[in-house]
Amino acid sequence: MAAKTIIQTQDLRKVYGMGEIQVKALDGVDIQIGEGEFVAIMGPSGSGKSTLMNIIGCLDRPTEGNYILADIEVSDMSKAQLAVIRNQQIGFIFQSYNLLPRTSALRNVMLPLLYQRGQKSSQAERQEKAMAALEAVGLADRAHHEPTELSGGQQQRVAVARALINDPVLILGDEPTGNLDTKTGEEIMQLLHELHGRGRTIVMVTHEQYIAEQTQRTIILRDGKIEVDNRNGNRSR
Amino acid sequence: METAREIDPVPATTPEETVSIDSDVGIMDPVEILRIAWEGLLRNKIRSLLTMLGVIIGVAAVIIMISISAGTEATIAEQIEGLGANLVFIQAGFGRGGPGGANNNTPQLVYDDVAIVEGINGVVGTSVEQFSSQTIKADGITLEDVPILGTTPDFPSVREVDIASGRYFNETELDRTSKVAVLGASLAQELFGQGEDGNFSTDPIGQPIIVGTTRLTIIGVAAEKGIVGNTDFDAQLYVPISIVFEKFIPSQFARFIGDRVRLIYAQIDEEADMEEVINQIELKLASSKDITVAELPFTIQTQNDIIETQGATTEAFRNLLAWVAGVSLLVGGIGIMNIMLVSVTERTREIGIRQSVGATPTDIRLQFLTEALMLSLVGGLIGAIVGVGGSILFGATGDMRTVIVPASILLAFGSAAAVGIFFGFFPANKAAQLDPIEALRHE
């Protein structure tokens with residue numbers, strides 16, 4: 001595969017605990033994910049998949065090992081530097097949407113733009129960009145609605161628009177369909193497939209086998225180690 | 001290195017995380033910080049307003065306090081001018097027998113003492129006062145309890161009272177107990193004035209005036225001087241002190257001890273040593289009464305002593321207000337800190353969301369610090385308006401004179417900002433140090 005490597009981890013370890021009791025959440029994880037891949041991470045609770053997601057998402061740092069995101073070594077970065085990486089390289093889609101309450105869809109989508117470093121964009125430019133992102137997820141007409149005025153599916157679409165706004169190299173989904181009914185979940189998956197079709201790299205944690213099956217590759221964790229790393233090989237819409 | 005990590009599996013916050021500025025990545029757009037903070041405040045309008053209350057009271061207190069003390073200082077400055085130059089005040093203190101001379105063994109300040117004071121080297125002028133309160137009648141108008149001030153011809157020059165029309169009485173009139181009187185400016189207006197143009201309906205000069213049961217002739221009207229100390233110069237009637245002794249405060253003891261007076265003024269030569277002259281006055285007065293200086297029951301003050309006495313009162317008042325202002329700013333600050341801490345807890349998830357999309361610890365810290373600062377500055381602004389309004393109101397309705405000092409508004413604003421930053425820092429830091437994963441999980 002000639003594709004550029006987006007995620008590369010080497011012997012990733014994460015140990016939680018105080019004093020005597022230590023929990024090895026990750027116990028030597030090596031993953032390589034290339035550009036344009038659509039990957040599902042599965043595993044029972046306590047398997048370490050949330051910890052892996054947090055480290056991949058630069059929300060957390062490994063105790064040991066290296067993590068290279070799009071050719072940037074991020075394992076030893078400061079909190080502030082990680083924040084900048086999250087802003088520039090990663091788009092998050094959470095299970096519980098995580099939109100700011102009492103804030104319009106448009107302002108929610110604009111949020112990552114506010115924390116941009118270096119490049120200065122005007123308020124008008126930001127609004128324009130956010131509006132385009134909302135259009136891309138089919139919610140242009142809901143731009144000025146607050147989260148409470150939107151359905152779960154619509155809220156998640158706003159979250160997707162927010163994840164896309166800074167043109168990240170990686171989109172991370174933490175059970176993005178977990179709070180949605182099957183039909184709405186399917187709509188969100190459809191949206192993710194579209195993004196994937198346009199070349200986006202997507203990694204998502206899921207519990208649902210049928211969701212995982214829609215992706216190209218499934219990684220199953222158990223006890224902080226990779227148990228299965230399968231190419232689904234079937235369909236890549 | 002490897003083993004060290006095993007031993008300390010939970011990575012503690014490394015130094016660079018506790019440093020306030022993430023110098024390596026810079027800060028976000030300041031305009032956005034302001035916007036976010038402003039929206040945060042508007043979200044809880046009532047709460048924001050209540051939080052500001054302490055700062056509002058503090059700032060208003062600072063401004064009112066300073067305007068009152070500036071007003072007092074202006075009054076004192078005028079009094080310094082009004083007192084006359086280089087004056088020493090010799091006042092009869094109450095003897096051990098109490099007022100009224102019940103105990104005749106207590107030495108009294110008497111008219112003859114003026115001659116003693118006058119004879120002292122360095123004294124260039126003297127005057128003397130005795131006071132009585134009488135009902136007066138003139139031009140068909142009766143006024144009760146009018147202060148009648150018996151003095152000597154030197155009085156206008158010693159106390160710097162100008163004569164607007166007519167003249168003051170002279171030595172001959174004093175010696176002969178001539179039945180003459182000079183009206184204070186406002187008293188003249190009351191008796192002979194008509195309308196606001198300041199003209200008299202009848203020229204008071206030459207008019208008769210009945211004081212008590214004595215008929216006097218008005219020979220002059222004093223120019224306006226205003227209130228100096230506790231005395232309204234313009235409301236007095238000036239008469240030769242000999243009339244007061246003879247008609248208004250006759251004393252059966254006068255034959256033995258002389259006529260008692262309230263106050264002797266001594267004007268001291270500019271060149272003379274004030275301390276030395278005062279010592280001489282004490283010495284001579286004491287020896288004339290066959291007592292020691294320590295036994296002398298008189299108060300001898302310079303105008304500076306009097307100003308200081310009044311200054312001390314206003315300073316006590318000013319200190320009290322400064323405490324009130326300081327305490328309410330402190331309480332206001334604690335209120336801000338309290339609400340900011342609540343706000344950080346309430347908005348933990350919001351903080352997590354912001355962190356996940358790229359807010360650095362500094363961004364979060366600045367956001368909450370700006371909110372605290374905004375609370376205190378908006379509070380400061382409202383407080384300044386209340387303070388200025390209050391000062392004007394006090395000056396207009398109360399006995400207190402107020403002068404609004406523009407610098408006090410700056411001072412109050414500065415203190416409010418300092419309070420906001422100081423008390424906002426702890427909550428802001430708490431917010432900045434939240435772990436994004438924990439914060440996102442917060443319900």
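**Entry 1: what I am looking at**

I remind myself that this is a predicted model. Every value below is therefore read from predicted coordinates, with local features taken only where pLDDT is at least 70.

**Entry 2: where chain A touches chain B**

I began with the interface. I find 29 residues of chain A in contact with 28 residues of chain B. On the chain A side, strand S1 (5–18), helix H2 (79–89) and helix H3 (105–114) each supply at least two residues. Which element gives the largest share of that side? H2(A) does, with seven residues. I also sorted the chain A side by class and got twelve nonpolar, eight polar and nine charged residues.

The cut-off for exposed is 12 or fewer.

**Entry 3: H3(A) against H5(A)**

The axes of H3(A) and H5(A) come within 7 Å and cross at roughly 30°. Angles under 35 degrees count as roughly parallel, and so H3(A) is roughly parallel to H5(A). I noted the crossing of H3(A) and H5(A) as right-handed. From H3(A), the contact takes Ala105(A), Asn108(A), Val109(A), Leu111(A) and Pro112(A); from H5(A), it takes Val158(A), Ala161(A) and Arg162(A). By class, the residues of this contact are six nonpolar, one polar and one charged.

**Entry 4: the sheet under H5(A)**

Next I followed helix H5 (residues 152–164) of chain A to the strands. H5(A) lies across S6 and S7 of chain A and runs at about 170° to S6(A). Those strands belong to an open sheet of six, in the order S6-S7-S8-S3-S9-S10 (chain A), with mixed pairing. Which strands are at the edges? They are strand S6 (90–94) and strand S10 (225–231) of chain A, each of which pairs on one side only. Neighbouring strands of the sheet are turned by 15° against each other on average, direction ignored.

I then zoomed in on one pair. Strand S7 (residues 170–174) and strand S8 (residues 202–205) of chain A pair in the parallel sense over four bridges. Ile171(A) stands opposite Ile202(A) in S8(A). A reminder to myself: strands of a sheet pair through backbone hydrogen bonds, either parallel or antiparallel.

**Entry 5: a covered helix in chain A**

How many residues of helix H1 (residues 49–56) of chain A are buried? Eight of its eight residues are, and the helix is mostly covered. The buried set includes Lys49(A), as well as Leu52(A), Met53(A), Ile55(A) and Ile56(A). Just after H1(A), Cys58(A) takes a positive phi of about 60°.

**Entry 6: chain B as a whole**

Over to the partner. I list 16 helices and twelve strands for chain B. Of its 443 residues, 38% count as buried. I also checked the contacts in chain B with a separation of 6 or more: residues 24 or more positions apart account for 81% of them.

**Entry 7: H3(B) against H14(B)**

Helix H3 (residues 30–43) and helix H14 (residues 361–397) of chain B pack at an angle of about 60°, with their axes 9 Å apart. That angle makes H3(B) oblique to H14(B). H3(B) passes H14(B) in a right-handed crossing. On the H3(B) side, I see Ile33(B), Leu34(B), Ile36(B), Ala37(B), Trp38(B), Gly40(B) and Leu41(B) in the contact. On the H14(B) side are Leu366(B), Gln367(B), Thr370(B), Glu371(B), Met374(B) and Leu375(B). By class, this contact has nine nonpolar, three polar and one charged residues.

**Entry 8: Asp139(B)**

Asp139(B) lies in the loop between strand S2 (123–138) and strand S3 (141–151) of chain B. Phi of Asp139(B) is near 50°, positive in a residue other than glycine. With 16 C-beta neighbours inside 10 Å, Asp139(B) counts as partly exposed.

Note on methods
Residues are numbered from 1 along each chain as its sequence is written. Chains are lettered from A and ligands numbered from 1 in the order in which they are written. This is a predicted model: local features need pLDDT of at least 70, side-chain atom pairs count only at pLDDT 80 or more; totals for chains, interfaces and linings use all residues. A residue is buried if 20 or more other C-beta atoms lie within 10 Å of its own, exposed if 12 or fewer, and partly exposed in between; C-beta atoms are placed from the backbone. Two residues are in contact if their C-beta atoms, placed from the backbone, lie within 7 Å. Ala, Val, Leu, Ile, Met, Phe, Trp, Tyr, Cys and Pro count as nonpolar, Asp, Glu, Lys and Arg as charged, and the others, Gly among them, as polar. Axes are lines fitted to C-alpha atoms, for helices over the stretch in contact, and angles run from 0 to 180 degrees between N-to-C directions. Angles under 35 degrees count as roughly parallel, over 145 as roughly antiparallel, 65 to 115 as roughly perpendicular and the rest as oblique. A crossing is left-handed if the near helix is turned anticlockwise from the far one by less than a right angle, and right-handed if clockwise. Two strands pair if DSSP finds at least two bridges between them.
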